[in-house]
Amino acid sequence: MLLLKRRTPLMKKLTPEQEAFLEAEGKIVLCACPGSGKTFIVARKLLKYVENWEYAHRGVAVLSFTNVASQEIDKQTKELMPEGYRIEYPHFIGTIDSFIDSFILLRFGYLMQEGSRKRPVILHENYGEIRFYTKNKECHARGCISNPFEFHWSSDGKLLRNGKKVDCSITTKKPCVAFKQAMIKKGFVTQNEATALSYRLLKKYPQIVDAIVRRFPIVMIDEAQDTSKEQMEIIDLLTDAGVKTIILVGDPDQSIYEWRNATPEFFIAKVKDDNWKTMWLTSNFRSSQLICNATQVFSHSLASRQPSKAEGEFALYQQKPILLNYSNQTDKSDIINKFKELCQENGIEWTPSKVAVLTRGKIHKGIDIDGLWKSPEVESLAKASYEWYKGSRRKAFSLCEKVLYSLTIGDIGDIKHEIRQVIENIMPYENWRKHVVKLLVSLPDPNIKLSDWVKSMLSTITNIIQSAEDIYLIPAISLQDKIKIKLRDTKNPGFQSIPLRNYIEKRDENDITLSSVHGVKGETYDAIMLIIEGIKGNTLTPTMIDTAPLDSELIRIAYVAMTRPRKLLVVALPVMKNKKSFKRLPLDKWIYTQI
């Protein structure tokens with residue numbers, strides 16, 4: 001029998017709610033408040049199964065919405081296991097997308113094709129400009145041909161564009177429909193339609209559903225509040241086919257990925273469904289009780305319940321959350337300096353692992369420029385520069401390789417195999433790799449002005465291609481047109497003087513962590529400051545904070561931010577005329593101050 005390590009110090013004894021969940025089987029919905037240790041208890045539930053597992057080729061599937069979340073489950077599982085042990089076949093830990101791709105679409109997608117019926121290729125991004133060709137003027141006028149990645153199939157077989165019905169005056173067969181049908185026949189699908197196509201496969205071939213249920217009689221889905229309509233439809237098919245136990249774990253108040261078709265409504269429907277057993281984790285092992293009390297008002301699911309009970313190391317920490325008002329003349333650096341003073345007063349170390357400043361969207365101002373990048377190539381090279389100097393060099397290599405391929409060999413519409421296979425038909429891959437590496441090490445510094453970066457990038461890639469003896473620029477391509485950005489912007493005339501990194505950077509960890517709210521979901525800090533910069537519009541504003549419906553995504557974003565800290569929570573709001581207090585930030589639970 002597999003013996004588990006002792007539990008973490010903050011969970012020396014499981015709560016009654018956690019114990020009940022470990023024993024539960026069947027169709028289970030687990031609603032877990034922030035800091036409740038849901039990842040820990042999911043890992044513990046998995047190991048409870050693994051300890052006594054009897055099947056050699058049947059397993060438990062533990063799925064999550066993001067790679068980060070699934071990696072955290074894997075990490076916590078390993079921490080509970082003896083040295084040298086790990087979860088492996090027949091079990092599966094991964095994202096729900098990777099599960100659907102691996103066990104449905106890639107295995108059975110050939111059934112959608114005619115003729116050769118080969119294994120489908122899933123395209124994750126558009127590089128080299130996938131495009132379809134048509135002389136129809138309306139297709140050109142509507143911009144339909146510029147980015148075919150916007151088109152995707154729905155689970156009911158309709159073609160959508162960015163999630164909406166394709167609406168045009170063409171009454172005969174639409175060129176976009178013909179193009180997408182041709183892609184399917186050739187074995188190409190995009191990731192944003194993989195789930196819908198997989199659902200259609202399962203509906204047409206129910207024996208595939210039976211095979212998956214037999215292969216994985218137990219399925220647990222973490223972050224289930226972020227499932228899309230198509231993902232939940234597949235979950236329902238598995239449930240109806242008789243999966244032994246299926247568990248949905250999540251918090252509808254933390255669903256903040258609507259732009260990726262995620263919505264909590266399907267999770268909430270299961271909470272209300274009498275055929276499912278709803279369970280709760282209401283103990284908070286992260287935040288102080290004062291933070292739990294203050295943030296409860298922003299929770300839709302806790303609206304009729306008591307605030308979460310703080311049971312962690314800092315449960316009794318005596319610092320009320322702080323509302324920090326600032327004027328529109330206040331510089332962001334001054335707001336951060338005030339936050340630093342508050343951290344020092346609380347003895348909180350000013351480091352990236354302890355302190356984070358969060359915003360609704362991008363961490364830098366003045367970078368929302370419509371149509372900034374004039375080609376996929378220049379945008380990819382900009383990202384590659386940032387990754388080479390500040391992030392993942394593996395990502396930088398991949399981006400540079402795709403750009404070089406696009407400029408010298410062809411667009412992805414001509415690809416029938418992996419890039420490497422195509423290259424090896426032309427030259428030794430090692431020779432090709434040297435060209436990519438030469439481009440990598442010559443990438444301009446992302447800290448220079450955007451305009452200077454573009455000039456340097458154009459010169460760099462021109463020299464690399466012209467000096468090579470075995471790669472050549474495609475005749476129809478002009479590098480001046482590819483390495484090009486927008487020239488003017490009336491809202492921000494000085495945008496070209498902003499450093500390139502500001503346009504790419506989503507997270508900065510120099511002195512402290514600067515990030516969007518999305519970037520810290522699932523993380524914990526000693527101190528958090530949420531800066532609300534908007535005054536009006538469809539973004540976080542003082543008015544939105546106080547009046548927006550609790551089930552709106554903007555309130556959920558604010559709630560995720562405010563439930564990250566252990567000790568100190570600060571919300572910085574612009575001063576509003578005739579607004580001295582906020583009903584959701586009452587004076588008995590918040591300290592009001594001003595800079």
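The model is predicted: local features need pLDDT of at least 70, side-chain atom pairs count only at pLDDT 80 or more, and totals for chains, interfaces and linings use all residues. Residues are numbered from 1 along each chain as its sequence is written, and side-chain values use heavy atoms, with hydrogens and water left out.

**Domains**

The protein chain is divided into domain 1 (23-93 + 207-284), domain 2 (101-198), domain 3 (290-363 + 509-594) and domain 4 (376-501). These bounds come from an automatic or database domain assignment. Between the C-alpha centres of domain 2 and domain 3 there is a distance of 42 Å.

**The annotated binding site**

In an unreviewed entry, UniProt places the feature "binding site" at Ala32, Cys33, Pro34, Gly35, Ser36, Gly37, Lys38 and Thr39. UniProt positions are given in the numbering used here, feature names are shortened, and annotations may be inferred rather than shown by experiment.

Ala32 belongs to strand β1 (residues 27-32). Helices (H or I, at least four residues) and strands (E, at least two) are DSSP runs, numbered from the N terminus. Contact means heavy atoms within 4.5 Å. Leaving aside residues up to four places away in sequence, Ala32 touches Lys38, Gly250, Asp251, Gln254 and Leu281.

Pro34 is located in the loop between β1 and α2 (38-51). With residues up to four places away in sequence again not counted, Pro34 touches Asp251, Gln254, Asn284, Arg286, Tyr559, Thr563 and Arg564.

Helix α2 has 14 residues and reaches 20 Å from its first C-alpha to its last, close to the 20 Å expected at 1.5 Å a residue. The expected span of a helix is 1.5 Å times one less than its number of residues. Of the 14 residues of α2, 13 are buried, and the helix is mostly covered.

**Accessibility of selected residues**

Buried means under 20% relative accessible area, exposed over 50%, and partly exposed in between (1.4 Å probe, protein chains only).

| Residue | Relative accessibility | Class |
|---|---|---|
| Ala32 | 2% | buried |
| Pro34 | 3% | buried |
| Asn162 | 52% | exposed |
| Glu223 | 13% | buried |

**Strand β19 and its partners**

Strand β19 (residues 565-574) has 9 of its 10 residues buried, so it is largely enclosed by the rest of the structure. Two strands pair if DSSP finds at least two bridges between them. Strand β14 (residues 322-326) pairs with β19 in the parallel sense over 5 bridges, and Ile322 has Val570 in β19 as its bridge partner. Strand β18 (residues 525-531) also runs parallel to β19, and 6 bridges join the two. Here Ile531 stands opposite Ala572 in β19.

**Backbone features in loops**

Tyr89 and Pro90 are joined by a cis peptide bond, with omega about 15°. Pro90 lies in the loop between α3 (67-80) and β3 (92-95).

Asn162 has a phi near 50°, a positive value in a residue other than glycine. The loop that holds Asn162 runs between β6 (159-161) and β7 (164-165). Glu223, with phi near 55°, is likewise a residue other than glycine with a positive value, and is found in the loop between β9 (218-221) and α9 (229-240). Asn162 is exposed, whereas Glu223 is buried.
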